[in-house]
Structure formats: C-alpha cells, structure tokens
Amino acid sequence: MTIIEQNPYRILGVLTNSSTKEITANYGKIKAFSKTGKPISFDYDFSKLLKPIERTEELSTRAFNAVTLPKDKFSFGLFWFMQSTDNDKIALNHLRLGNLDSAISVLRKDITVSACINIAVINLIQKKWTSALYYYVYLLNDSGKRNEFLHTLIDNHNLLSEDEVIQLFVDKLIISFPEVSWMESLIQTEVSIGGELFEINDFFKKSNLYAYFTRRICEQNIKDIESCLRDATLVEKINAKKNLRIAKKLEEIAKTKLRSLRLCLGKESNT
C-alpha cells in the first residue's frame with residue numbers, strides 16, 4: 001500500500017491533474033513548514049483512509065522531482081486520485097470523511113476516465129484486487145480512454161507508446177503489491193461496473209495487457225521459488241526444528257507460486 005500512502009502526489013497534497021502552479025505552491029509550503037518543525041496538512045491527505053504522512057523537506061523534494069518526468073507522472077498517477085467531473089468532487093468529499101462505499105456509488109453513475117482511476121485506487125485500498133484490476137484494464141485497453149488519461153497527466157499523450165504504458169502499469173502494480181496472487185484473484189468471475197455485472201477473466205485475457213502481465217507474473221513466481229530454494233540450501237544439520245520450518249515454508253510458497261504459474265500458462269499446462 002506504500003504506492004498509495006507514500007504517493008508523491010499525496011505527499012505534495014495535490015491530485016494527479018492539479019496544475020504545476022498548485023504543485024509548486026504546496027512544495028514551497030512544505031519546505032517552509034519543515035524549517036519551523038510544524039506539521040502541515042492538505043485537503044487531499046485523506047487521513048481517515050490512509051496512514052498519516054510525516055512531511056519533511058527531503059521527502060517533499062523527492063516527491064516534487066518524481067512528478068516532473070512524464071513516465072513518473074504517469075506511473076504514480078495510476079495510483080492516486082484525480083478530479084475532472086462533479087461526481088469526482090462529490091466522491092472525494094466522501095473519501096475525506098472515510099466513506100469509501102459512498103464514493104464508489106457516486107463514481108459508478110458515470111464511468112469516465114477519472115472515475116475509472118478513482119474507483120481502481122479505492123478498490124486497492126479495500127484490497128478488492130479483482131475489481132481494481134478490471135477498472136485499470138477497462139481504462140488502459142481502450143486507446144481513447146488511455147490517451148485521454150495520458151493527456152491529462154503529461155499534456156502530450158504521444159510521449160508514451162501503448163507498450164510503454166502497459167509495461168509501466170504492470171511493473172508498478174506487481175512490485176507495489178507483491179503479496180497479491182493476481183492470477184488467482186481472476187478466478188472470481190464477475191465485477192460490477194455502472195450497475196452491470198461483467199465477466200473479468202475472459203475480458204482480461206482478450207485485453208492488450210494480458211501477454212505482458214502473465215509473463216511478468218511468471219518471472220516473479222520463478223524468482224520467488226528460486227529465492228526459497230536458495231534459503232533451503234542453508235540448512236543446519238544439527239538444527240532439525242529450523243530445517244523443518246524452512247521445509248514447510250518452501251512447500252507452502254511453492255504450492256502458491258506453482259498454482260499461479262499454472263493459471264498463467266493455462267489449464268492444459270502440466271507445469
């Protein structure tokens with residue numbers, strides 16, 4: 001959840017589509033307050049939902065630099081809120097009060113680009129992985145929606161190709177939420193969008209993200225299994241209890257990772 005709680009946009013107290021002027025102004029305020037030792041808060045801290053931020057000049061400088069380059073603005077913008085419509089404004093007010101369900105109810109009335117991102121981030125906070133993934137795919141799989149989102153963040157949507165967008169999103173998602181068994185989450189078949197139920201598994205498999213997503217999941221699973229095997233080689237012959245714990249951990253992790261690999265490779269795979 002660090003990608004949300006420590007998101008550069010959150011640290012700077014802004015939304016992803018806030019103006020450069022607003023971002024710079026907040027950065028200046030944080031630096032001024034840090035010199036006095038006084039804490040500073042902003043409207044978009046969402047302190048009822050997320051852990052508080054201890055803002056320092058160093059932290060704010062890193063955040064300010066992180067929302068300068070197009071790739072960083074996009075990859076961090078995927079995991080924070082934006083406001084483009086009246087519904088967004090109402091929903092964000094609900095979030096300030098900690099009312100996640102009320103916020104989602106408002107956003108689902110009109111599934112705009114900003115609504116997709118906002119709902120996806122809320123679902124991540126709620127650990128509703130399948131629904132979060134659906135809204136990201138729904139957004140990034142559509143060239144019009146994808147370009148609109150890019151243009152909102154970086155002005156010129158042509159700076160990032162479709163492949164770059166997919167890779168930035170997938171890499172950031174997998175690295176930021178290593179505890180999630182993403183392929184297993186897709187076993188849940190339906191999610192609600194705009195009051196209608198949609199089948200997630202087939203939709204995801206037909207999307208432009210599926211090939212790269214499954215390749216990265218496979219690579220990560222293999223890396224995790226190899227890491228456990230390396231740990232298992234460090235057994236101590238005279239410490240039977242410790243060795244048993246290592247063996248059980250290896251067995252548990254291997255089962256989970258191999259199950260995920262099988263889902264990536266397909267039901268017919270004997271892997």
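The chain exposes about 14,300 Å², of which carbon and sulfur atoms supply 51%; accessible areas come from the Shrake-Rupley method with a 1.4 Å probe, and for residues only the protein chains shown count as cover. The model is a predicted one, in which local features need pLDDT of at least 70 and side-chain atom pairs count only at pLDDT 80 or more, while totals for chains, interfaces and linings use all residues. Residues are numbered from 1 along each chain as its sequence is written, and side-chain values use heavy atoms, with hydrogens and water left out.

Of the 271 residues of the chain, 45% count as buried (buried means under 20% relative accessible area, exposed over 50%, partly exposed in between, with a 1.4 Å probe and protein chains only). The chain has 15 helices and two strands; these are DSSP runs numbered from the N terminus, helices being H or I of at least four residues and strands E of at least two. Among contacts (heavy atoms within 4.5 Å) between residues at least 6 apart in sequence, 69% join residues at least 24 apart.

Helix H6 spans residues 86-96, and its buried residues are Asp88, Ala91, Leu92 and Leu95. Seen down the axis of H6, these buried residues fall within an arc of 100°, so they line one face of the helix; the arc is that of the directions from the helix axis to the C-beta atoms. Their cover includes helix H7 (100-107) and helix H8 (113-125).

H6 and H7 pack at an angle of about 175°, with their axes 8 Å apart. Axes are lines fitted to C-alpha atoms, for helices over the stretch in contact, and angles run from 0 to 180 degrees between N-to-C directions. The angle makes H6 roughly antiparallel to H7 (angles under 35 degrees count as roughly parallel, over 145 as roughly antiparallel, 65 to 115 as roughly perpendicular and the rest as oblique). On the H6 side, the contact is made by Asn87, Asp88, Ile90, Ala91, His94 and Leu95; H7 contributes Leu100, Ser102, Ala103, Val106 and Leu107.

At the start of H6, a side-chain oxygen of threonine 85 reaches to within 3.4 Å of the backbone nitrogen of asparagine 87. Leucine 97 lies in the loop between H6 and H7 and is exposed, with a relative accessible area of 56%. Its C-alpha atom is 7.9 Å from that of phenylalanine 46, a residue 51 positions away in sequence. Just after H6, glycine 98 takes a positive phi of about 85°.

Definitions and conventions
Polar contact = N/O pair within 3.5 Å; in protein donor to acceptor, adjacent residues only side chain to side chain.
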